[in-house]
Amino acid sequence: MRNLPLQRKLMLIIMLSCCGTLLAASIFFLAREAKGLYRAQREDLVSLAEIIGANTASALVFDDPESAQRTITPLAAKRSILAVYVLTGEGQIFARHVAPEAGNAELPLERLGPSATPGAVLAAVEQIRRGSQGSSLFSGFDCLVQPVYFDYERVGTVVIHADTAEFQKNLRWTVMVTLLFMLATVIAAYFFSARLQRMISGPLLDLLSSMKDVSASKNFAIRVAKPSDDEIGLLYDGFNEMLSEIEERNQILRQRQAHLQQLAHYDPLTRLPNRTLFYDRLAQALYQAERSRQVLSVIFIDLDHFKDINDTLGHRTGDLLLIDVASRLSSVVRSCDTVARLGGDEFTIFTQNVMNADNAAIVAGKLNALFAKPFQLGESEIYVTASIGVTLFPHDGKTVDELLMNADIAMYHAKACGKNVYKLFDKKMNEHANERVTLLSDLRLALEREEFVLHYQPKVDLLTGNVTSVEALVRWMHPRLGMLAPDKFIRLSEESGLIADLTDWVLRTACTQAKKWQEQNLGSVRVAVNLSPYHFQRQDVKEAIFSVLDATGLEPALLEIEITESALMQNDEYTCELLRELRELGMTISVDDFGTGYSSLSYLHRFPINTLKIDRTFILNMMKSSEDQAIVTAIIAMAKSLNMQIVAEGVETVDQLEKLKDQGCHEIQGFLVSRPVTAETVEQFFTPENHLHQHGNYPASHEAAAPETPA
Ligand SMILES: Nc1nc2c(ncn2[C@@H]2O[C@@H]3COP(=O)(O)O[C@H]4[C@@H](O)[C@H](n5cnc6c(=O)[nH]c(N)nc65)O[C@@H]4COP(=O)(O)O[C@H]3[C@H]2O)c(=O)[nH]1
C-alpha cells in the first residue's frame, strides 16, 4: 500500500470508504427490512391465534369440538397458514385444520398420528414452542403456541404452523434489490472516485513532472502555473519560490565562481592572464604546436627602470604605466596569442605559428617600437623602455619552464646590452648565466679575500683649477677574470644583499685614505663615496657612516655622499631627515647621474643637496644634440638659482669643457682631467702645479689620464 502510486492509493481509499459505508448501510437496511417482515408475520400469527383462541374458548369450555372446527377452518384458510390446532388443556387435539400444502412439511403433531397420547402431544407442543422461540430474522416466524383463556383460566392451546415461503421470497427480493443498489453505487463510486482522484492528484502529478523537468534540465528559470488557490496552490507557490531562491543563489554562486576564476587566472591590475593561466595556455599551445609541427615563440618583457618610476613618481603612476603597457602589448598580438603579466614589471607573450626566428624578431621589433611613444600617466608624460628576450619552440626548449627560463636569460642579455632592445635566445647565453652564478659565489668571498680596491677620480673647480674632491670608485681584482669594473658586480651585489658590506668597506677605505692625505699635508681633499639605493634603505645607514668617521677620525666636512635620484625619492621623509643630519654635520650631499631620473629641480629643492652631477650622457651628446645642450643649460641655470653646486660628469674633450665653462658650470669630472686611478696616482693632482689651468694646459696629456685596464 505504502509503495502504491498516489493515484491508486487515492482510488483505493475512496473505494474502500465508499464500499465500507455502503456495506454497513446495506446490512443495516437489510436487517431492518427483515425485522419488519418478521415482525409483521409474527403479529399476523399472534392476532390469528388470539382470534382463534377467543372464538374457540367457549367451545373448549363446553366441549364442542365441532364449533371449534367451524371456527378455525375459515380462519386458517389463508394461504400462508399450514396448520392450526386447538388443544385441550390436557393435551388432546380438540380441533385441527391442516392445509393441503402442509403435506410435505412433516408437522410434529401430524407425525404423532391419531393414536398419540396427550402427554406426547403436550411434549410435541412444548417442542414447537421452543422452536418458535429460536426462529431467526432471516428464516422467518414459522410456528406459534398461544394459550387460550376463559375467565382468566387456561382452557387450551392454539398451535399455528405458518408457511415462511412468502417471507423468504420477500427477503430475497429485498436482498437482491439491495445488492443491485450496492453494485450501482459501487460503479458510480468508482467513476466518481476516479474523477475525484484526478482532481486531487492531477495537479500534484503535474508538479511532480515539472520537478523532474527542472532536475533533469537544471533550468531553474522554469515556473509552474498555479491550478487553484487551495493548499495545492500554496504548494505550487512554495515550489516557485523555492525555484526563485535556487536561481538567485545559483546566480550569486556563478558570479562568485566567475570572480574566483578571474582572481585565480587574471592579474587584477591589468586584467591580463596571470602566471597560472599563462603556464596553462602555453602548455596547451606547446602540445598543439608539437602535433602540427609548428614553431612558437615565447617573449619575456621587462620594463627598464620601473623601480625608479615607482620610487620617484609613486606607485599609483607605476600602476597606470603597467595598465598602459598591458594594453599596448595586447594591441600588437593576434587573438590566438596570449599576453600575460607574471608579476611586477614582467610581461610574457607567446605567439603561435611564427614559422621561424625572423618572424619572431619582427614581432619583438614591433613590441620594442611600442615604447617609442611616451606614456601619458596622469599629469606626467614619460618615456619608458623595455628589454625583451625571445625564445623559440622547439629550437630553444621543449617545456614551458625551459622556454620561459631561456626567454628570461635573453631578456637579461637585452638589459646588459644597454636596455631598450630585444634579444633572441642563443645557447651561448646560458654560459653567461652560468658565469653569473659563478661570479656571485666568487663575490661572496671577495671581501674576505681582500680582492676589492678603490680608484679615485678627481673633480676639478673650473674657476681655480683646484681638485675639490675625488670620487672613490670600486674595482674588483678578480683572481681569474682580472680587474672588473663596477657595472659587472654592483648590480649583482645589490641583488644578493652583499652591497651593505661592500659599501661599508668602500666607506672605511675611502675615509682612511682621505685621513691619510690630510695627515700627509696633501691638502684637504674631500672623498666622495657612492651609496647604492639598496644600501640607503638600511635603517642604520647613519650609524654606519658615523662609526666609520669615528673609527678613521675623518672630519665629516671631508666626506661627500653621492646618491642617485631614485635613492633620493625612495622614502621622502626618512631620506630628507637623514640627509639633513648628514649635511648639518658638514658632509656634502651630491645627486649622481642627474637628468636620468624623473625628478624635477623644484622637487629636489626640498632636500638638503649641495651638488648636482649632470649625467655624462648629456655631456657626451651636448656637442652634437641641441636638445642635450638645452637640457645641460637648463640644469645649470636652475641649479644655480637654487644655490646648488654643478658638476659635469664624463667630460672628455676641451670643447665640452669650454662650453661648460661658458655656461657657468662649477666643476668637471672626466677623462679629460683623469680616469679613475689609484690613490698614489691621484695624489699628484693635489699639488698646485698639476691643477687644471685655465689657459689651455689641460692634463689630458698628463700620464695620470692614462686609461685604466678594467676587464
Ligand atoms: N665614458 C666616460 N666615463 C667616465 C668619464 N669620467 C668618468 N667616467 C666613469 O663614470 C663613472 C662615474 O661614476 P658614477 O657615475 O658614480 O657611476 C658609478 C657608480 O654608480 C657605480 N659605482 C662605482 N663604485 C661604486 C661604489 O663603491 N659603490 C656604489 N654603490 N656604486 C659604485 O658604478 C658606476 C660606474 O663606475 P665606473 O665604471 O668606475 O665609471 C665611473 C667612471 O669611470 C668620462 O669622461 N667618460
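The shell around the ligand comprises eight nonpolar, five polar and seven charged residues, where Ala, Val, Leu, Ile, Met, Phe, Trp, Tyr, Cys and Pro count as nonpolar, Asp, Glu, Lys and Arg as charged, and the others, Gly among them, as polar. The model is predicted, so that local features require pLDDT of at least 70 and side-chain atom pairs pLDDT 80 or more, whereas totals for chains, interfaces and linings use all residues. Residues are numbered from 1 along each chain as its sequence is written, and side-chain values rest on heavy atoms, with hydrogens and water left out.

Among the 20 residues around the ligand, those that come nearest are Glu471, Arg475, Asp592, Arg616 and Glu652; a residue is near the ligand if one of its heavy atoms lies within 4 Å of it. Strands S13 (467-478) and S17 (588-594) each contribute at least two residues to this shell, and S13 gives the most, with four. Helices (H or I, at least four residues) and strands (E, at least two) are DSSP runs, numbered from the N terminus.

In the side chain of Glu652, an N or O atom is 2.5 Å from a nitrogen atom of the ligand, and a polar side-chain atom of Gln457 lies 2.9 Å from a ligand nitrogen atom. Phe671 takes part through its backbone, an N or O atom of which lies 2.8 Å from an oxygen atom of the ligand. Of the 790 Å² of accessible area that the ligand has on its own, the protein covers 83% (Shrake-Rupley method, 1.4 Å probe).

Two packed helices are described by the angle between their axes and the distance between the axes. Axes are lines fitted to C-alpha atoms over the stretch in contact, and angles run from 0 to 180 degrees between N-to-C directions. Helices H1 (residues 6-61) and H2 (residues 65-75) pack at about 165 degrees with axes 8 Å apart, which makes H1 roughly antiparallel to H2 (over 145 degrees). For H7 (residues 275-291) and H11 (residues 400-416), the angle is about 110 degrees and the axes are 10 Å apart; H7 is therefore roughly perpendicular to H11 (65 to 115 degrees).

Most residues other than glycine have a negative phi, and most peptide bonds are trans. The peptide bond from Phe393 to Pro394 is cis, with omega near 5 degrees, and Pro394 is placed in the loop between strand S10 (386-393) and H11. Asn353 has a positive phi, near 50 degrees, and belongs to the loop between strand S7 (346-351) and helix H10 (357-369).

Terms used
Polar contact = N/O pair within 3.5 Å; in protein donor to acceptor, adjacent residues only side chain to side chain. Parallel < 35°, antiparallel > 145°, perpendicular 65-115°, else oblique.
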